[in-house]
Amino acid sequence: MVIGYDTYHDTAQKGRSVGAVVASMNSTFTKYLSVANLHTNPAQELNDNMCPAIAKALRKYAEINGNLPARVIMYRDGVGDGQIPYVMEHEIAAIQNCFRQAGLTDDQLLFTYIIVSKRINTRFFKMNGKPSNPPSGTIVDDVVTLPERYDFFLVSQSVRQGTVNPTSYNVIKDTSGLKPDHLQKLTYKLTHLYYNWPGTVRVPAPCQYAHKLAFLVGESLHRQPSEQLEEVLYYL
């Protein structure tokens, strides 16, 4: 199961934010459940938004497939560098608690939590002759990455003009036992699965769906969407 999470600040009311959770419901990552909630502070975001949404996704997954997921990979967007300690201390603990309540013990569940950062200033160039953009699928996970982090850069788009923007992925928790190589390949393959675009997008598809949903609710709806729409990708 792959989960994407993103936040967006409500334009109508100051201090209110929208959190969107989008979770895959099948093994081919074609069906998704999407839940959006409004919140006013980070503590409320965790307790009233993210955890109930993940619990709902797990229930729905069990309903459709007859069993709970054995592996959960979560891509979390909308986290600045300063919020990483908070995420490590509070958010991951809350999510694991949520899994326990759903009936998944820590030794049963293979859980990976990845922070996705799009707004970075790092750029990469291919240096054969004159500098050009690296091809789509380029991974950089050595030399320029931080030694204390398990992180990598992925160039997933191919751009026609200008310089391509890499995306930074910081793996904060990983009990899945996947090799870095496999995690990087999976992340790259997930960037192909965004329905609205025939090529690759900058972030994995569930992350982009969560962004679109949070943007729609925060920009136009200003309230929680209807529950009947949860299995439809209506926000594309």
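Predicted model: local features only at pLDDT ≥ 70, side-chain atom pairs only at ≥ 80, totals over all residues.

User: OK, how many disulfides does the search find?
Analyst: The search of the whole structure finds 0 disulfides, a disulfide being a pair of cysteine sulfur atoms within 2.5 Å. Cys 51 is in no disulfide, and its nearest cysteine sulfur, that of Cys 98, is 4.8 Å away. Cys 98 is likewise in no disulfide, with the sulfur of Cys 51 as its nearest, 4.8 Å away.

User: And is Cys 98 buried or exposed?
Analyst: Cys 98 is buried, with a relative accessible area of 4%. Cys 51 is buried too, at a relative accessible area of 13%.

User: Switching to the fold, what order do the elements come in?
Analyst: From the N terminus on, the elements of the protein chain run β-β-β-α-β-α-β-β-β-β-β-β-α-α, which comprises 4 helices and 10 strands. Here helices (H or I, at least four residues) and strands (E, at least two) are DSSP runs, numbered from the N terminus.

User: Why is β9 called largely enclosed?
Analyst: Strand β9 (residues 150–155) has 5 of its 6 residues buried, so it is largely enclosed by the rest of the structure.

User: Which strand does β9 join through 5 bridges?
Analyst: Those 5 bridges join β9 to strand β10 (residues 167–174), and the two run antiparallel; strands count as paired if DSSP finds at least two bridges between them. Within that pairing, Tyr 150 has Val 171 in β10 as its bridge partner. Strand β8 (residues 138–140) also pairs with β9 in the antiparallel sense, over 3 bridges, and Ile 139 stands opposite Leu 154 in β9.

User: Now pockets. What's the volume of the largest one?
Analyst: The largest pocket has a volume of about 620 Å³. On a 1 Å grid over the protein atoms alone, a pocket is an open set of points with protein on both sides within 12 Å along at least five of seven lines, whereas a cavity is a set of points where a 1.4 Å probe fits but cannot get out; lining residues have an atom within 4 Å of a point. Grid points are joined across faces, edges and corners, and a volume is the space filled by probe spheres set on the points.

User: Which residues lie nearest its centre?
Analyst: Of the 25 residues that line the largest pocket, Thr 7, His 9, Asp 77, Gly 78 and Val 79 lie nearest its centre. The elements that give two or more residues to this lining are β1 (2–9), α1 (42–65), α2 (84–102) and β5 (110–117), with the largest share, 4 residues, coming from β1.

User: And the second largest pocket, which elements supply its lining?
Analyst: β5, β9 and β10 each supply at least two residues of the lining of the second largest pocket, which holds about 250 Å³ of space.

User: Last one, how much of the chain is buried?
Analyst: Of the 236 residues of the protein chain, 46% count as buried.

Note on methods
Residues numbered from 1 in each chain as written. Heavy atoms only, no water. Buried < 20%, exposed > 50% of the residue type's maximum accessible area, 1.4 Å probe, protein only.
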